[in-house]
Amino acid sequence: MDRKYQKNLSVAALTFLSPCAITDRQSFIMCKCPAMLDDGTMIGCRYCSQCIGRSVDDWTGRCIAESIFAVAPFFVGLTYGRDENGSEDHIRARLLTYSDVQKYMKRLRASGYCPRYFAVGEYGSTKGRAHWHLLIFWKDNSAEIAKRIEHNADVRAKRKRGKTLNVPTGPVPPHKPSHRCDVPGHKPRCSCKQARFAEPHWPHGFSTWEPLGRSPEETAAAVRYVCKYLNKDLGGEEKQAMCRMSKVPLIGADWLHHKARLHVEAGIPPKDLKYQFPGVNRPNGERVPFMLRPGSAAAKLFCQSFVDQWAEAHPGRFMPHSKLVEEFMDPGAWEKRKPSDEGQREWERKVDALEEAEVQKAEALARLHDWEATAYATVSVGLRYQHLVRALPPPLPLQSPSTETLEPFGGL
C-alpha cells in the first residue's frame with residue numbers, strides 16, 4: 001500500500017473514531033468527497049463514513065447534554081405487531097412512517113406529559129420490519145398538572161358541559177421497565193430481560209422502556225446505541241435509517257444556555273466549540289471530547305446565548321477578546337483583518353505619519369511653553385505682555401507739515 005494513502009487512511013480512521021476533535025477547516029478535508037459552493041467554500045458531503053461519524057458524535061454529545069436537564073431519560077423501543085385483521089404482516093412495518101412517532105408524542109402531550117425525544121428508525125436485519133429507537137427525555141410537568149387540576153375544579157364548580165382532563169401522576173407515564181442483560185455472551189439489550197407491553201399511547205404494537213441515568217457511562221452507551229443506526233447502509237437513496245428529533249428548542253438547548261452562563265459568570269468568553277462531560281471517560285481515564293459543528297444551529301445558539309447573557313450581566317462593558325464570538329457577531333471579520341501587501345504598506349505609511357505628527361506636536365508644545373515662560377508677567381495677569389511692549393522702541397512723534405516756502409537755488 002502506498003505510504004501516502006496509508007497515512008491518509010489512518011488519519012481518516014482516527015477522525016471517524018473521534019470526529020469531534022477536528023477543526024472547522026478539517027471538517028471538509030477529512031470528508032471522502034467534499035463539495036464546493038459557488039463562493040469557493042468547501043463543505044462535507046454528509047453521506048460518507050467520516051461525515052456520518054461526525055454526525056453521530058455530535059448527536060451523542062447533544063443527547064447527553066439533554067439528559068442532564070431531564071427529570072427521567074428513557075430508552076424506548078417501538079415495534080409493530082399484528083394489524084387489525086390479526087396478520088403479522090403489518091402494513092406500517094413495511095416502511096418507516098415518521099407520522100406514527102409524531103402522533104405518539106401528541107398522545108403523550110395530550111395526556112399531560114412533557115416529552116422531548118431523539119428518534120432513529122431502521123429496518124430489522126432478520127425480517128426487514130421497520131421499528132423505532134427513541135431517547136425520550138421527560139421534563140417536569142408540575143405546571144401542567146396544576147393547570148389540569150385547576151381546569152377540572154372550574155368545570156365541576158360551574159357545572160358546565162366541560163371536559164375534565166386526565167391528571168398524570170408524575171412526569172413519566174406508567175410502564176414496565178426493562179433492564180440491560182448481564183448474561184455472559186448475550187447482547188446488552190437482548191430479549192431475555194426486555195419487558196414488552198402494550199402501551200395505550202402506541203396502538204400499533206409493543207414498546208420496551210429502559211430507564212437511563214444510573215451513570216454517565218450508561219447514558220452515553222445508550223445514546224451511542226441509538227445513534228449508531230445512522231451508519232446503517234450509508235448512502236443517499238440507499239440509506240435505510242431515519243433520524244428525527246425535537247427542534248423547538250433544539251436538543252441540548254438548556255445545557256448550552258447553562259454553559260454560556262458559566263462563561264459569563266467567570267468573565268471568560270468561549271474560545272472554541274469543544275465541550276466535555278464529567279464521568280464520560282475513555283478506558284484510559286481521559287474525558288471524551290465533543291465539539292459542536294461550526295455553523296450549526298447549536299453553535300449559533302450557544303454564541304447568541306453568551307452574547308445576550310453578557311449584555312444582561314455586564315451592561316456597557318466590552319466583551320473580552322474571542323475569535324469565536326467576534327466571528328459570530330461579524331461573519332468574515334477575521335478574514336478582513338488579514339493584511340495584504342498593499343494594505344500593510346498603507347498601514348506603515350499611516351503609522352509613520354502619526355509618529356511624525358506626534359513629534360511635530362511635541363516640538364510645538366515645547367516652543368509654546370518656552371514662549372509663555374518668557375512672556376509671563378510677575379506683577380499681575382493684566383501685565384503679562386508689558387515687558388515685551390517696553391522692549392519695543394518708542395513711537396516717533398507726529399510732525400506737522402512745514403509752512404516754509406522753498407526758494408529756488410537754496411535761497412541764493
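**Exercise 1.** How many residues does helix α3 have, and what distance does helix α3 reach from its first C-alpha to its last?

*Solution.* The structure to be examined here is a predicted model. Helix α3 covers residues 49-68, which gives 20 residues. From the first C-alpha to the last, α3 reaches 29 Å, and this is close to the 28 Å expected at 1.5 Å a residue. As a further step, one can look at how the helix is covered: 19 of the 20 residues of α3 are buried.

**Exercise 2.** Describe strand β4, its two faces and its partner strands.

*Solution.* Begin with burial: 9 of the 9 residues of strand β4 (residues 115-123) are buried, so β4 is largely enclosed by the rest of the structure. Next, take the faces in turn, for Pro115, Tyr117, Ala119, Gly121 and Tyr123 lie on one side, while Arg116, Phe118, Val120 and Glu122 lie on the other, and all of these residues are buried.

Then turn to the partners. Strand β5 (residues 130-138) pairs with β4 in the antiparallel sense over 9 bridges, and within this pairing Gly121 has Trp132 of β5 as its bridge partner. The hairpin of β4 and β5 has 6 residues between the strands, and there Gly128 takes a positive phi near 70°. Strand β7 (residues 241-245) also runs antiparallel to β4, joined to it by 5 bridges, and here the bridge partner of Ala119 is Arg244. Finally, Arg244 of this pairing also lies over the face of Tyr98, at 5.6 Å from the ring centre.

**Exercise 3.** Find how many aromatic pairs the model has, and describe two of them.

*Solution.* With ring centres within 6.5 Å as the cut-off, the count comes to 15 aromatic pairs. One of them is formed by Tyr104 and Trp202, whose centres are 5.8 Å apart with 90° between the planes, and this pair is edge-to-face, since planes over 60 degrees apart are given that name. The pair links distant parts of the chain, with Tyr104 in helix α4 (residues 98-110) and Trp202 in the loop between α5 and β6, 98 residues apart. Both Tyr104 and Trp202 are buried.

The second pair, Trp255 and Tyr275, is tilted, with 5.3 Å centre to centre and 55° between the planes. Trp255 belongs to helix α7 (residues 253-266) and Tyr275 to strand β8 (residues 274-275), 20 residues apart. Trp255 counts as buried because its relative accessibility is 10%, under the 20% cut-off, and Tyr275 is buried with a relative accessible area of 5%.

**Exercise 4.** Which residues have the most contacts inside the largest nonpolar core?

*Solution.* The largest nonpolar core has 46 residues, and those with the most contacts inside it are Phe118, Leu135, Phe277 and Leu292. Helix α8 (residues 297-313) gives the most to this core, with 7 residues. Taking Leu292 as an example, and leaving out residues up to four places away in sequence, one finds that it touches Asp58, Arg62, Leu256, Leu273, Tyr275, Ala298, Ala299 and Phe302. A second, separate core has 26 residues, including Met105, Trp138, Phe197 and Trp202.

**Exercise 5.** Is Asn152 buried or exposed?

*Solution.* Asn152 is found in helix α5. Its relative accessibility is 4%, so Asn152 counts as buried. Not counting residues up to four places away in sequence, Asn152 touches Thr164, Leu165 and Val167.

Technical notes
Residues numbered from 1 in each chain as written. Predicted model: local features only at pLDDT ≥ 70, side-chain atom pairs only at ≥ 80, totals over all residues. Heavy atoms only, no water. Helix = DSSP H or I, 4+ residues; strand = E, 2+ residues; numbered from the N terminus. Expected span 1.5 Å × (residues − 1). Buried < 20%, exposed > 50% of the residue type's maximum accessible area, 1.4 Å probe, protein only. Phe/Tyr/Trp six-rings, centres within 6.5 Å; stacked < 30°, edge-to-face > 60°. Lys NZ or Arg CZ within 6 Å of the ring centre and 35° of its normal. Core = buried A, V, L, I, M, F, W, Y, C linked by side-chain atoms within 4.5 Å. Contact = heavy atoms within 4.5 Å. Pairing = 2+ DSSP bridges.
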